[in-house]
Amino acid sequence: LPSQFSGLLGTVYRRGNLSFTRDGSALISPVGNRISVFDLKNNKCETFPLATRLNIVCVGLSPDGSLAILIDEEGAALLVSLIGKCVIHHFYFHKPVHSVSFSPDGKKFVITKDNVALMYHAPGKKREFNAFVLDKTYYGPYDETTCIDWTDDSKCFAVGSKDMSTWVFGAERWANLIYYSLGGHKDIIVACFFEENSLDLYTISQDAALCVWQCDTELDGLKPMPPKDAAREKNAEKNDEEFFEEPKGEEIRGKANPNEQETRDKVKYSRVAKYFFNKEGDFNNLTSAAYHKKTHLLVTGFASGIFHLHELPDFNLIHSLSISDQRIASISINCTGDWIAFGCSGLGQLLVWEWQSESYVLKQQGHFNSMVSLAYSPDGQYIVTGGEDGKVKVWNTSSSFCFVTFTEHTSGVTAVTFTSNGYVILSASLDGTVRAFDLHRYRNFRTFTSPRPSQFSCLAVDSSGEIVSAGSQDSFEIFIWSMQSGRLLDVLSGHEGPISSLSFNPMKCVLASASWDKTVKLWDMLDSWRTKETLILNSDVLVVAFRPDGKELAVAALNGQITFWDHENGVQTGSIEGRHDLQMGRKELDKITAKQAAKGKSFTTLCYSADGQSVLAGGLSKFVCIYNVKEQILMKKFEISCNFSLDAMEEYLDRRKMTEFGSMALIDEGAGGEDGVAIPLPGVKRGDMSYRHFKPEIRVTCLRFSPTGRSWAATTTEGLLIYSLDSGLIFDPFELDIDVTPSNIHKTLHQKEYTMAIIMAFKLNEKKLIQEVIEAVPSNEIDVVCSSLPDLYVEKVLEFLASAFEISCHLEFYLIWAHKLLMLHGQKLKTRSVKLLPVIQFLQKSIQHHFEDVSKLCEWNIYNIKYALAISQQRGMKRLAEETLVDEDDLDSDSDYLM
């Protein structure tokens, strides 16, 4: 299964700065150690298939929009091409970096770390061996630097610092401006901004104060240094540099209190005004700010989740709004100044606000805590996830956006599932309810409860969608309800331990229940709910899953084994010893090695692939394993994450952190007691919340295969990861002969032997060629070609049609193909229905997607025509001709807008 990472859902923003692309229509958001691009015009989200070692802290975009620099928590940087979506260069800054910014002309970029600002030559303008070449180092601030802003012509830049000062540096050594220090604040500088085409500056501090600085010189008034002085300085530096092996670049050392001689004939700044955002008595920390130079619009975000819009330099309040109850961590304005993006790292919220119409362009939020379970809809178009925050969210797989959130549960959701028609979602929760949600009206239309309150740990619904069952953690019982009436039909007792997993046979009305009492029981729903069979295992059973054709049962137990059962005869058909494949990592606070810890670990989630030939398994580690059921061997191991900001990622702890008394992580700085850190209790899922820093642990909580067979999804600590089969990059011929060449295929096509040409194209298996051949068949010949296609190629054509629907505009042409194939070969295909189901569901998903789009468009057009008719009847008969014409024009423009 050549699966590749294709998308990250469920997490939209973690930390770091948001940035709009050059045209202002897409937003780049750092999500943990990856970046996602939200295309706001086409309503799509894409996560790049590249990752840093730790969480990303800052992102710098080049002005032409082709390159980005991603810098993580330790100062390791990636130079990334946004066009090719690949890593071009790795660089290490050795210290945490606070901000990065390209100059507007794209020739330089500045990063701030510790109390220095480093200016580098921007990469990518010419071919070079090292992409990051240091140009100048600027010293000045006493404390850490926090923010950067450039003048419009790239002559100077300003740097804010935690020592409450702001420094203006010349990008070149100007005769009248090398450095300038500005005070005037009583708290950390959060942001500084130059006015458009000017050296005038605004500085904003954390105590919500804004200073306006006026400069006595224009940008054109910056004089280059006379060649004599420049040469003298260069020589002095050359003598210093002889001792160094590598060129260090120029150094500029600023002084906070220069003497009179140094300030003569130099640029001078004066403070014109100082404004305060907070009313008297308010103590609301300002956490982020952004400024749009053309419209003079200042946006400021606060720790309480409020943001203000002001017009500068007069400081007029345009409006203020509370958008969250957590601090706003990052703000960005797009190039036109219409859209403002906000990121709140506490809740993982991402909002794009259009301030003129006062409406949201985008409003997304992931699960506040971790996701626990997921389920695909029957056509594979939607995914539903349940989280420990009690929310149930539904995501669109093609756009990667969440379009509805249900918040009715009052405690963590433990399981979610779709019914077979795809319009009802069921969720089980620890609050003692199972709720059914309707996807037409987006409401909770049924709530199932048990006679005595009990916490539900698992959920299953039968293939007809009529019988709902949930297993209880505390009373060891299984509850059965009717979907129609909402009544409790029966309570199945017999297990002697908590119920860990339930699964309905897709073909029969048989329920399998797994429990910690080391048994799997099979219940026949039609025969007065009697136990049909009890399968006894030699360890606690954690998860059970039926094969899509219902003929086999897979069971994962606490001893790390996956066993396969023929449940009709109650016989075990195979087993896989999977503990070594899980490969646990060692947590920072663990006293024992990963190898020892792995002895008590096992798979906690299991699912069959759509064709039933392989099984996916995952647990409390960063690996997902794919096993072949028949051969009982490991086919592939996927590493879900390479983010070392998460715990339990490495098998061996870093030797530098190990002392003779154990790991350094066991000593919590600032903890009052002398005992250091208490060892976590067994079973604690995430670190102790009372510590200053605790790392979330990497784990895979749920795995599901898409019914279309094209992708699979995993809920992990990082979010919902989707892996899809990538067929575009592999040359994978099928029954290839020596005569099958592109030129021969074109020759056959030219002779109008269409069936032969299609067969040859599929043998070569080049997607572009297949498309060319199929689109060359005249529409009146499709019937004949379909009837003469061999059976083997029918399913290949169907699979091609399903993928072509997603990108092609020849909708009717491909629909004729699909219709003719299914009409002519339907009976034969029915005999192989189990094997073909994924392909048919993939086809159905593609057609359904178009159906929804086109039906919306048609309804809109019908409405417009009716509106035009109604208007013409109201206005009397004289103006009928002009009215209709005007309305038709409107109608056309509306249709174009929708297309």
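Which residue in β8 is the bridge partner of I69? The partner is L79, and you will meet this pair again below. This is a predicted model, in which local features need pLDDT of at least 70 and side-chain atom pairs count only at pLDDT 80 or more, while totals for chains, interfaces and linings use all residues. Residues are numbered from 1 along each chain as its sequence is written, and side-chain values use heavy atoms, with hydrogens and water left out.

**The whole protein**

- The protein has 12 helices and 59 strands. Helices (H or I, at least four residues) and strands (E, at least two) are DSSP runs, numbered from the N terminus.
- Of its 899 residues, 52% count as buried. Buried means under 20% relative accessible area, exposed means over 50%, and partly exposed lies in between (1.4 Å probe, protein chains only).
- Take the contacts between residues at least 6 apart in sequence: 49% of them join residues at least 24 apart. Contact means heavy atoms within 4.5 Å.

**The sheet with β6 to β9**

- Four strands make an open sheet in the order β6-β7-β8-β9, and their pairing is antiparallel. Two strands pair if DSSP finds at least two bridges between them.
- At the edges are β6 (56-61) and β9 (86-92), each of which pairs on one side only.
- Neighbouring strands here are turned by 20° against each other on average, direction ignored. Axes are lines fitted to C-alpha atoms, for helices over the stretch in contact, and angles run from 0 to 180 degrees between N-to-C directions.
- Inside this order, β7 (residues 67-72) and β8 (residues 76-81) pair in the antiparallel sense over five bridges. Here is our opening pair again: I69 has L79 in β8 as its bridge partner.
- A77 also has its place in β8. Is A77 buried or exposed? A77 is buried, with a relative accessible area of 2%.
- Leaving aside neighbours within four places in sequence, A77 is in contact with I69, L70, I71, H89, H90, F91 and F93. The C-alpha atoms of A77 and H89, 12 residues apart along the chain, are separated by 8.3 Å.

**The sheet with β31 to β34**

- Another open sheet of four strands has the order β31-β32-β33-β34, with antiparallel pairing.
- Its edge strands are β31 (371-376) and β34 (402-406), and each pairs on one side only.
- From one strand to the next, the twist averages 20°.
- Strand β33 (residues 392-396) and β34 run antiparallel and are joined by four bridges. Across that pairing, V392 stands opposite F406 in β34.

- Strand β13 (residues 133-139) pairs with β21 in the parallel sense, over four bridges. Y138 stands opposite I252 in β21.
- Strand β21 (residues 250-253) has two faces: E250 and I252 are on the covered one, while E251 and R253 are on the uncovered one.
- A341 is found in strand β28 (residues 339-344) and is buried, with a relative accessible area of 0%.
- Apart from neighbours within four places in sequence, A341 is in contact with L18, F20, L27, S330, I331, S332, L351 and V352. The C-alpha atoms of A341 and E354, 13 residues apart along the chain, are separated by 9.0 Å.

**Helices that cross**

- Helix α6 (residues 754-764) packs against helix α9 (residues 791-807) at an angle of about 75°, with their axes 11 Å apart. That makes α6 roughly perpendicular to α9. Angles under 35 degrees count as roughly parallel, over 145 as roughly antiparallel, 65 to 115 as roughly perpendicular and the rest as oblique.
- From α6, the contact is made by I758, I759, F762 and K763, and from α9 by Y793, K796, V797 and F800. By class, these residues divide into six nonpolar, no polar and two charged. Ala, Val, Leu, Ile, Met, Phe, Trp, Tyr, Cys and Pro count as nonpolar, Asp, Glu, Lys and Arg as charged, and the others, Gly among them, as polar.
- The axes of helix α7 (residues 767-776) and helix α10 (residues 811-831) come within 11 Å and cross at roughly 85°. These two helices are therefore roughly perpendicular to each other.
- In this crossing, Q771, I774 and E775 of α7 meet F813, Y814 and W817 of α10. The contact has four nonpolar, one polar and one charged residues.
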